[in-house]
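Open the model in your viewer and keep the selection panel at hand. We will go residue by residue.

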Amino acid sequence: MSPFPSGLVDEAAAVLNLCRKSHLTLSVAESCTGGLLCACFTEVVGASDVFERGFVTYSDQSKQELLGVSARTLERFGAVSKETSLEMAQGAMSRSVAGFAIAVTGIAGPGGGTRDKPVGLVHLAVCSSVIASAHLECRFDDFGRAEIRSQTVRAALGLARELLLARGQRE
């Protein structure tokens, strides 16, 4: 029995296949998912030909040190923001040899939420050497930490898949 929520590994495999077809390697920058997205990719047999590396940057300091997220961005917009997610994705690409990067940051709960940034708020970003950067804000219901984390991974895989499919159709 798989330790992963239903279908996530299959969705990760689909993204890896699309990266293969596009001749892109992949890096991931995660915060609220704490490595779950990387784990889904590395659960796929043969992922090593596409999956380059993952960064788990839970603290603001690690986002700055490992990904180059600016202190100004974190101070002005916070760790859970469009701006931070985009800088995380760009950092994952610039600090690896990947041509495609996915970043996730959010509030998985049960605490940590505010009126402006409630539990379940997640920002996803994708950055690529061949596709324009993209951002998606998600507001998941507070059905618990595990559910928010798995919904975040599913949404990130969906965003990546959508952009890679659109690129493939243009070629």
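The tour covers an aromatic pair and then two further stops in this predicted model.

**Stop 1: the aromatic pair**

A search of the whole structure finds 1 aromatic pair. Select Phe 41 and Phe 51 and show their rings. The two rings are stacked, with 5.8 Å from centre to centre and 25° between the planes. Which parts do they tie together? Phe 41 lies in helix 2 (residues 36-42) and Phe 51 in strand 2 (residues 51-56), so the pair links parts that are 10 residues apart in sequence.

Now check the surface. Are these two residues buried or exposed? Phe 41 has 0% relative accessibility and counts as buried. Phe 51, at 14%, is also buried, because the cut-off is under 20%.

**Stop 2: Ile 102**

Move to strand 3 (residues 100-106) and select Ile 102. Its relative accessible area is 0%, so Ile 102 is buried. Show its contacts, leaving aside neighbours within four places in sequence. Phe 41 from the first stop is one of them. Others include Leu 26, Val 28, Leu 37, Val 126 and Ala 160. Then draw a C-alpha distance from Ile 102 to Val 56: the two atoms are separated by 12 Å, and the residues are 46 apart along the chain.

**Stop 3: Ser 85**

Go to helix 5 (residues 82-94) and pick Ser 85. Ser 85 is buried, with a relative accessible area of 0%. What does Ser 85 contact beyond its neighbours within four places in sequence? Select Ala 103, Thr 105, His 123, Leu 124, Ala 125 and His 135. Ala 125 is also in contact with Ile 102.

Note on methods. Residues numbered from 1 in each chain as written. Predicted model: local features only at pLDDT ≥ 70, side-chain atom pairs only at ≥ 80, totals over all residues. Heavy atoms only, no water. Phe/Tyr/Trp six-rings, centres within 6.5 Å; stacked < 30°, edge-to-face > 60°. Helix = DSSP H or I, 4+ residues; strand = E, 2+ residues; numbered from the N terminus. Buried < 20%, exposed > 50% of the residue type's maximum accessible area, 1.4 Å probe, protein only. Contact = heavy atoms within 4.5 Å.
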